[in-house]
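These are my notebook entries on one structure.

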Amino acid sequence: MTRFQRKTGFIVLIVIVLLVITSFFFLRPSHPDALWKIVSQQCVPHQQQRQNPSPCAKVNLAQGFVVFKDRNGPLQYLLMPTAKVTGIESPLLLNPQQPNYFADAWQRRDWLSKRYGKPVPENQLSFTINSEYGRTQNQLHIHMSCTKPKVLARITALAPSLSSQWQPIQIGINHHSYWARTLDKNALGKKSPFILLAEGLPQARENMGAFGLALLPTTEGNFVLLATQREWWRLNLASIEEIQDHSCAALYDTANTLAK
């Protein structure tokens, strides 16, 4: 590669990164509080006044969360706080006294099976929250959905080499840098994954908004936590939802094959 080609390639990369940054700041959604309005102006008042959570599927006032059917995908649900919590960057999430929203999402996984009509294999599910830069809404929401088969295969292969300490995943996922660690099934309810991220990665605590976080069940009954960090130069906004397939194609393809 000549010096001219290297210089040209570098300039092209800079232009692409600038375009991504520009798109982030100028093409953000015009209604970033849409989910919060649904929670605060519809679901919670309807539950309080009529004992009807509509348009949410569930409102749990005692534990402070709602379950809402997302319009994207046949099975995707969102778990959201009833209180105003903007997202992963909120300092509230690092308070041990706050609700453990990932544990709440895991306990409500049966909503996907109800929608599907039969039990969804737990190891095909994942629970994700995007970074401050990789989301469209300013109300914390955990995506409860199916995992992409390629990601599932990758994590299944990696699982035996993982431990309870965060470690980088070689090559990453979708060409983005990722970290992973295991989480015992009994530990999920004891300490929030948000706190585990802040305590485990030195760069996370002071910059939580730059991270996406995911919880994936394993076939052994435990969990794998995944994290990715915003990297402008790699075109990574830490939208960790990228590991999910909201169409749940593998699930429906298997069902269609068995029906033949």
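**Helix H2**

I began where H2 ends: the residue that follows H2 is Gln51, and its phi is positive, near 55°. Helices (H or I, at least four residues) and strands (E, at least two) are DSSP runs, numbered from the N terminus. The model is predicted, so local features need pLDDT of at least 70 and side-chain atom pairs count only at pLDDT 80 or more, while totals for chains, interfaces and linings use all residues. Residues are numbered from 1 along each chain as its sequence is written, and side-chain values use heavy atoms, with hydrogens and water left out.

I then checked the length of H2. Its 17 residues should span 24 Å at 1.5 Å a residue, and the end C-alpha atoms lie 22 Å apart, which agrees; the expected span is 1.5 Å times one less than the number of residues.

**Sheet**

I traced an open sheet of nine strands, in the order E1-E2-E3-E5-E4-E8-E9-E7-E6, with antiparallel pairing. Two strands pair if DSSP finds at least two bridges between them. E1 and strand E6 (167-168) are the edge strands, each pairing on one side only.

I examined one pair in detail. Strand E4 (residues 125-129) and strand E5 (residues 142-146) run antiparallel and are joined by four bridges. Ser126 has Ser145 in E5 as its bridge partner.

**Pocket and cavity**

I noted the terms before the values. On a 1 Å grid over the protein atoms alone, a cavity is a set of points where a 1.4 Å probe fits but cannot get out; a pocket is an open set with protein on both sides within 12 Å along at least five of seven lines; lining residues have an atom within 4 Å of a point.

The largest pocket holds about 400 Å³ of space. Of its 18 lining residues, Asp70, Arg71, Leu78, Thr136 and Gln137 are the closest to its centre. H2 (residues 34-50) gives the most to this lining, with three residues.

I found one cavity of 30 Å³ or more. The largest cavity has a volume of about 40 Å³. Its lining includes Thr86, Ile129, Arg135, Gln137 and His141.

Methods. Points joined across faces, edges and corners; volume = space filled by probe spheres on them.
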